[in-house]
Amino acid sequence: MEVCYQLPVLPLDRPVPKHVLSRRGAISFSSSSSLFGAPDPRQLSQRRGAISYDSSDQTALYIRMLGDVRVRSQVGFEPERRGSHPYLGCLLKLSLTSHAELVGSIPARRIRRLFSFQRHLLTSRLLRGTPHLSPLHFLDEDYCGQAKCMLEKVGSWNFDIFLFDRLTNGNSLISLTLYLLTHYGLIELFQLDMVKVRRFLVLVQEDYHNHNPYHNSVHAADVTQAMHCYLKEPKLAKSLTSCDVLLGLLAAATHDLDHPGVNQPFLVKTNHYLAALYRNTSVLENHHWRSAVGLLRETELFSHLPTEDRYVSRQLGSLILATDISRQNEYLSKFRTHLDQEDLCLGNTSHRHFVLQMALKCADICNPCRPWELSKQWSEKVTEEFFHQGDIEKKHKLEVSPLCDSETNSIADVQIGFMTYVVEPLFAEWARFSDTRLSQTMLGHLCLNKASWNAMQPEEAEGEQAAATEEPSSRALPQGSQEC
Ligand SMILES: [Zn+2]
């Protein structure tokens, strides 16, 4: 068995046309039942190790998988990683002479490993505590079907964006935003050209750096999903205009565009051109905003609308700039004052815009308010990005930024500090504004997640942490420490 020529990548989020399959001799595991020709799931279970193809002259097998699967070359496979995202599909290209040879040379155990997405699905369901379903159940469904199925519950706070990203072959931001734009009827209402919409979203997703552990397109998709959850909260849903919703979703999807994976203090101390361009003020947020406006102009998405340019640009900028964590206290005290005086009037355009800013701020830092199994993954990713910055700083003999030194910080202490001084005050006010089941659920998760991190703290640090937790308002925010 030898490795054959390179085959182009076929996107998983749409069915592979039959003529393409037959021309390439390619077989995708993603289309299961029709491919195996066995409508009865029990038959599938017996045949799931088998791979068939349509005609005898086909010599290439094309397998796409979700997950980081490594198969040793001595069994005849030569895996090749594609794309920069670690969970993008992995391609296996094989040249085989017969069906029997393939099946005969690979142990059944190894073939089962190929169906990694099912394993992942089951694991994820177990973590969520949902009933265990037979693996046979999934064999009738393809990736596209699974992703569509997930989108039906896109308004759920338990939405697993990591799983969705795998099911869409790393295209979660495109798929989710496109779905939401359609769901809200915005494409029809604003007469958006679907070709331009799709091109815009593809460019947005590509502009995220998927080698960043945290600030990548999955984070943007996660923020967009959270934004959707907030937009459908009763107070907002009944007062927001379609234009507000469109801007809210676009701002969420683009709010970290072209994020370099380091924070503003790093750009300032390394004399980065962006710091000079934006005079050391909201450097990243200004860049995200300008990048988003650049893509809107490039794709001419709103060119048919009379007020397109200035209005959209200004509103988008105002929303994205609000995500600057160093201005957290400014926004929070304004929010608090409004709530104390009970004078927020959502019929007022500027008040609505302010609430949209607060919603985006919440969406951006909502990771600690997600269920533990999701929240923990985000915590690990953001800390990895911090520590990576710290390593660069050490390498170049720069002062190591707060929370970026892996030798003096742990994931737990970074998270506890972030939750205590940044997340809790914001979500407490949000719950005052939007006193719903969701806001209480978020506070509940926040409390539980913090307790989980506290339990992981070494004993000697617990005393210090307890003292810190008692008086959160007396401590300053770690400036630029958790740029989102
Ligand atoms: Zn962000």
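Helices here (H or I, at least four residues) and strands (E, at least two) are DSSP runs, numbered from the N terminus. With that in hand, welcome to a predicted model, in which local features need pLDDT of at least 70, side-chain atom pairs count only at pLDDT 80 or more, and totals for chains, interfaces and linings use all residues. Residues are numbered from 1 along each chain as its sequence is written, and side-chain values use heavy atoms, with hydrogens and water left out. The protein chain holds 25 helices and 3 strands, and a zinc ion is coordinated by two histidines and two aspartates, namely His-219, His-255, Asp-256 and Asp-364.

**The chain as a whole**

- Of the 484 residues in the protein chain, 54% are buried, where buried means under 20% relative accessible area, exposed over 50%, and partly exposed in between (1.4 Å probe, protein chains only).
- Taking contacts (heavy atoms within 4.5 Å) between residues at least 6 apart in sequence, 75% join residues at least 24 apart.

**The zinc site**

- The donors are His-219 (NE2), His-255 (NE2), Asp-256 (OD) and Asp-364 (OD), at 2.0 to 2.2 Å from the zinc ion.
- Donors are N, O and S atoms within 2.8 Å of the metal (3.2 Å for Na, K and Ca); water is not among the atoms, so sites may look incomplete.
- The arrangement is irregular because the 4 donor atoms subtend angles of 85 to 169°.
- For reference, four donors count as tetrahedral if all angles lie between 85 and 135 degrees; four count as square planar and six as octahedral if opposite donors are over 155 degrees apart and all others between 65 and 115; anything else is irregular.
- Along the sequence, the spacing of the donor residues reads H-x35-H-D-x107-D.
- His-219 sits in helix H13 and His-255 in the loop between helix H15 (242-254) and helix H16 (264-269), so this pair ties together parts that are 36 residues apart in sequence.

**His-219 and its surroundings**

- His-219 belongs to helix H13 and is buried, at a relative accessible area of 0%.
- Leaving aside residues up to four places away in sequence, His-219 touches Tyr-214, His-255, Asp-256, Asp-364 and Trp-378.
- The side chains of His-219 and Tyr-214 are joined by a polar contact of 3.4 Å.
- A polar contact is a pair of N or O atoms within 3.5 Å; within protein, one must be able to donate a hydrogen and the other to accept it, and residues adjacent in sequence count only if both atoms are side-chain atoms.
- Val-218 is also in helix H13, and this residue is buried, with a relative accessible area of 5%.

**What UniProt lists**

- The unreviewed UniProt entry gives His-215 as "active site"; such positions are in the numbering used here, feature names are shortened, and annotations may be inferred rather than shown by experiment.
- His-215 is in the loop between helix H12 (194-207) and helix H13 (217-231), and its 2% relative accessibility makes it buried.
- The unreviewed entry's "binding site" positions include His-219, Asp-256 and Asp-364.

**His-304**

- His-304 is in the loop between helix H18 (283-299) and helix H19 (308-321), and is partly exposed, at 37% relative accessible area.
- Beyond residues up to four places away in sequence, His-304 touches Phe-190, Gln-191 and Leu-192.
- A polar side-chain atom of His-304 lies 2.7 Å from the backbone oxygen of Phe-190.
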